[in-house]
Amino acid sequence: MPMHNIVGGMCLLILAGIMNASFSLPMKFVRAWAWENTWLVWSVFALLLLPSALALATIPALEGILAGAGGVALTVALCGAAWGVAQVLFGLALDKIGIALTFSIVLGISAAVGSLIPLVGQHRDQLLTRGGLVSLAGIALVLLGVTVSAVAGRMRDRSQHAEARTAHFGVGLLMAIASGICASMMNVGFSFGTPLSAAAASHHANALWWTDAIWVPLLAGGAIPNLLYCAYLLRKQRTSENYKAANSGRNVLLAMAMAVLWFGSSVLYGIATAFLGDLGPVVGWPLFMSLIVIVASVLGVWTGEWRNAGSRALRVQGLAVLILVCAVVVLSRATS
């Protein structure tokens, strides 16, 4: 494995968090396309083309590794499919309750569940060690932080008298919760896909790119729900004609930018977990999620989502960010 390097891992996680939290911003500049038009292009690039291209470039005998993985590759793909359902729900919740609140709820639940399953399933012997207990404390802080953020989001909507958004708040909230549970399967699949990275190592791949072998089946599984749902919407809403719009070339570039930001953040996360040691996926996942929520909260303010929300709502959201910063500090100590 790459050299144990906590500082390097933390730096990569910070960069990954910024990239992931920013990936949806280009969607705000898409013109003449419906949500499904953008999401379809994003799915093709982020979940199929980019992972496959990177893995083929960095992993020797990739096809043989995947063919010989048997049940491991299938398990990883099924986890990816569950995560794919989460992405569909995430995209819909984003439209109903906004960037800051969607990121907070989805990633908070994902952080807790996605970290606990590998900890209990793969590192049960470390559960009561210092690293395990610090990890549990950090996960608890993450949950507290996103709960406070959810309260702030509800206060924001009431202060803004956003009737249309408030009318959909309950639906959006349920979508975000379900998305968070399914989204945790990303890290579960990544954690249980370590035999694939071990196979990449046995074929003399560079240590930094071993996890690329996991991303291919994981994200291919995730692509299926996304592509199917987009195809359903294109037919139902008759929005496939939007691809003929004058702005389509520009919109494709924006969707590609979203894909590069999102998949790039995933690759950096994979490398960072290796730097963080044995508990890398256990500690790295809630760290990654917390950093994304922090950045997304800042972006939510910057893009005007909290305009006219009132000072009280902003103070509560600030408290949520402070709690998440504390969670980052605590979790960073779990591998030291």
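## Helix packing and nonpolar cores

Helices α8 and α9 are roughly parallel to each other, because angles under 35 degrees count as roughly parallel and the two pack at an angle of about 0 degrees. The model is predicted. Helix α8 covers residues 169-183 and helix α9 residues 185-192, and their axes lie 5 Å apart. On the α8 side the contact is formed by Ile181, Cys182 and Ala183, which meet Met185, Met186 and Asn187 of α9. By class, the residues of this contact are 5 nonpolar and 1 polar, with no charged residue.

The crossing of α10 and α11 is right-handed. Thr194, Leu196, Ser197 and Ala200 supply the α10 side of the contact, and Ala213, Ile214 and Pro217 the α11 side. The contact of α10 with α11 has 5 nonpolar and 2 polar residues, and no charged ones.

The two pairs are set out below.

| Helix pair | Angle between axes | Distance between axes |
|---|---|---|
| α8 and α9 | about 0 degrees | 5 Å |

In soluble globular proteins, nonpolar side chains tend to be buried together. In this model the largest nonpolar core has 87 residues, and Trp42 and Trp262 have the most contacts inside it. Helix α13, residues 280-302, gives the largest share of this core, with 12 residues. A second, separate core has 9 residues, among them Met155, Val316, Ala320 and Ile323.

Apart from neighbours within four places in sequence, Trp262 is in contact with Asn20, Phe23, Trp42, Ala46, Leu47, Trp83, Gln87, Met186 and Leu219. Of these contacts, Trp42 is the other residue named for the most contacts inside the largest core, and Met186 belongs to the α9 side of the contact with α8.

Asn251 is placed in helix α12, residues 248-275. Not counting residues up to four places away in sequence, Asn251 touches Val30, Arg31 and Trp33.

Conventions
Residues numbered from 1 in each chain as written. Predicted model: local features only at pLDDT ≥ 70, side-chain atom pairs only at ≥ 80, totals over all residues. Heavy atoms only, no water. Left-handed = near helix turned anticlockwise from the far one by under 90°. Helix = DSSP H or I, 4+ residues; strand = E, 2+ residues; numbered from the N terminus. Contact = heavy atoms within 4.5 Å. Nonpolar A, V, L, I, M, F, W, Y, C, P; charged D, E, K, R; others polar. Core = buried A, V, L, I, M, F, W, Y, C linked by side-chain atoms within 4.5 Å. Buried < 20%, exposed > 50% of the residue type's maximum accessible area, 1.4 Å probe, protein only. Axes fitted to C-alpha atoms, helices over the stretch in contact; angles between N-to-C directions. Parallel < 35°, antiparallel > 145°, perpendicular 65-115°, else oblique.
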